[in-house]
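Thanks for coming, everyone. Please look at the screen while I bring up the chain.

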Amino acid sequence: ELALGRKLPLRQNLWKQMVLDERAHAEVLSGLLKLVESGEAAFRRTDFNTAQVATALEHLDALKKEVQTRGIDARRALEYALAAENSLIEEGFFQVFEEDSDRIRTEFNALRKHTIEHAGRIKAALQKTDDFLDGKQRV
């Protein structure tokens, strides 16, 4: 996302905020992992697909490298970002279960809410980009 902010200055504020949010989310997940590993929190989800997460991370890393070397247009960047956020929502990545500890449920509910908000911000930016390309408004 930092690479996108540099390559797409018209949306730099959006990308900067997304970077800050995603870093905060990573810290939350890292903290939860430590709590689970120490036994202080319980994550009861047995169907969690770690291979799917690894594949998604590999795809994002490849996209980051592409953006840094070849660049990307604003619309395509927003489409990729929206697809990433929507996949987390649609796949139920932050779904919680009654058996999960309170801390897990609280943090995952917050992460799901933030992900939905991110998707909304990206959709709005995508609409503004489309309107600009159609000559309807300034970006």
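A word on conventions. This is a predicted model, where local features need pLDDT of at least 70, side-chain atom pairs count only at pLDDT 80 or more, and totals for chains, interfaces and linings use all residues. Residues are numbered from 1 along each chain as its sequence is written, and side-chain values use heavy atoms, with hydrogens and water left out.

Layout next. The chain has 5 helices and 0 strands. Helices here are DSSP runs of H or I, at least four residues, and strands are runs of E, at least two, numbered from the N terminus. Read from the N terminus, the order is α-α-α-α-α. Of the 139 residues in the chain, 32% are buried, meaning under 20% relative accessible area with a 1.4 Å probe, protein chains only. Now contacts, meaning heavy atoms within 4.5 Å. Among those in the chain with a separation of 6 or more, 71% join residues 24 or more positions apart.

Now the helix pair. How do helix α2 and helix α4 pack? Helix α2 covers residues 12-38 and helix α4 covers residues 74-90. Their angle is about 25°, and their axes are 13 Å apart. The axes are lines fitted to C-alpha atoms over the stretch in contact, and angles run from 0 to 180 degrees between N-to-C directions. That makes α2 roughly parallel to α4, a label for angles under 35 degrees.

Who meets whom? From α2 come Leu14, Trp15, Met18 and Glu22; from α4 come Ala77, Leu78, Ala81 and Glu85. By class, this contact has 6 nonpolar residues, no polar ones and 2 charged. Ala, Leu, Met and Trp are among the types counted as nonpolar, and Glu is among the charged ones.

Stay on α2 for a moment. Asp21 lies in this helix. Is Asp21 buried or exposed? Asp21 is buried, with a relative accessible area of 17%. Leaving out residues up to four places away in sequence, Asp21 touches His118 and Arg121.

Last, the cores. A nonpolar core is a set of buried Ala, Val, Leu, Ile, Met, Phe, Trp, Tyr and Cys residues joined through side-chain atoms within 4.5 Å. The largest one has 14 residues. Leu14, Trp15, Ile72, Leu78, Leu82 and Ile122 have the most contacts inside it. Two or more residues each come from α2, α3 (50-70), α4 and α5 (102-133). Another core, of 8 residues, lies apart, and includes Leu35, Phe93, Phe94 and Phe108.

Note on methods: Parallel < 35°, antiparallel > 145°, perpendicular 65-115°, else oblique. Buried < 20%, exposed > 50% of the residue type's maximum accessible area, 1.4 Å probe, protein only.
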